[in-house]
Amino acid sequence: MDGADLASFAGGAFDVRAVVAGILSGSRSGLFLDAVPWGNFPHGDDAREAVHLLHAGDKPARHATDVLGGLCANDSRAAAALAVPFLIPIATDAHHSHCAAALGVLSGPARARHFGVASRDELLLHRTDPRRHAPDDYDDYGVEATGSPAGWSVAAARAAITAETPALLPLLNDSAPAIRIDAAYALATAADPDRTVRTALAARFATEHDAMVRAALLLAAAETTRAHAHPPTVWWFRERWQDRTEAPEVRLAAAIGWLCLTDEPAPEDLHQTIDTFATDERAHAMDALPWMNAAAGSGEPGLRRCIRCMLHPEEPEPYDDPWAFSR
């Protein structure tokens, strides 16, 4: 505010990273909503109320999840990041009525400006600037619509998810496919230098039978591998989209993941795989995957948008004019 240097707020009560760290350090003695300075962050009171509604579990979750998801969509994710430590206990409680709803929104603030992003350079990338390969300091994310540093929000959300990775990993084995998909989406944002998450994703993939979940596990593995390079995984992805015994959704997800993990030109058999399986019906169905849903835009399904941006970047954006046929 008033031209103050953002660095002067680092580590204080207006730094969401520091506040989340304080919540995590005191989590063993219980999480108390009212002990958190929600009012220090734009829309903080709205985020607090959303968490309260989800925790209470006695009303439909839609309003609360819309509030938290809307903050991320509107590039105001600091308060949503502050909610993450409170959402994880709900998401990991199989007996809670809103566990699925909490899981579905908790990793939103861990990804900055990813809506509509579908290029080979930027999809599945935590950073907004694909040219940077320095250790994550989150300085290149810019500021949110509210003026808060976007990188601070992303760092806070990812720190909370990383701290609770052991609690989230068992959700990969949940009986509900939607839970397994959302668990993979959340875990993909965790810091994974020792490849614990990547190993768990691969282990689940080896036993998973649902094609859409298998596709989600691949996209999650590609996302975590972009953050923590692992050359054998790149080759593993190539084998997956070349495997004729795999379901089309799996081969398509593997192709997208491989394109994001390497600078190599797309080979002819990858083009053939995509041309064969990327039907309009399948593209719309794969929007059930949160990565593809986020990549969608201008009436274009996420898979189609990824294919266009990655393989045919010279093609223009689709023209989406709702009044075009009424003129």
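**Notebook: salt bridges, a cavity and a pocket**

I looked up charge pairs and found that the structure holds 16 salt bridges, each being a side-chain nitrogen of Lys or Arg within 4 Å of a carboxyl oxygen of Asp or Glu. I note that this is a predicted model, in which local features need pLDDT of at least 70 and side-chain atom pairs count only at pLDDT 80 or more, while totals for chains, interfaces and linings use all residues. Residues are numbered from 1 along each chain as its sequence is written, and side-chain values use heavy atoms, with hydrogens and water left out.

**Pairs.** I find R204 in a salt bridge with E208, with the closest N and O atoms 3.0 Å apart, and both R204 and E208 are buried (buried means under 20% relative accessible area, exposed over 50%, partly exposed in between, with a 1.4 Å probe and protein chains only). R308 and E300 also meet in a salt bridge, at 2.9 Å from N to O, and these two residues are buried as well.

I then checked D280, which forms a salt bridge with R304, the closest N and O atoms being 3.1 Å apart. This pair links distant parts of the chain, with D280 in helix α14 (residues 280-285) and R304 in helix α16 (residues 302-311), 24 residues apart; helices are DSSP runs (H or I, at least four residues), numbered from the N terminus. D280 is exposed, with a relative accessible area of 51%, whereas R304 counts as partly exposed at 29%.

I also recorded a network of salt bridges that links R214, E239, R240, D243 and E246.

I located D192 in the loop between α8 and α9 (196-207). D192 is buried yet has no salt bridge, and the nearest side chain of opposite charge, R198, is 6.2 Å away (Lys and Arg count as positive, Asp and Glu as negative; His and the chain ends are not counted).

My search of the whole structure finds 1 cavity of 30 Å³ or more, where a cavity is a set of points on a 1 Å grid over the protein atoms alone at which a 1.4 Å probe fits but cannot get out. Volume is the space filled by probe spheres set on the points, which are joined across faces, edges and corners. The largest cavity is lined by D192, R195, R198, T224, T225, H228 and H230, lining residues having an atom within 4 Å of a point.

I read about 490 Å³ of space in the second largest pocket, a pocket being an open set with protein on both sides within 12 Å along at least five of seven lines. Of its 22 lining residues, the closest to the centre are G104, V105, Y185, P290 and N293. Helix α3 gives the most to this lining, with 5 residues.

Technical notes: Helices (H or I, at least four residues) and strands (E, at least two) are DSSP runs, numbered from the N terminus.
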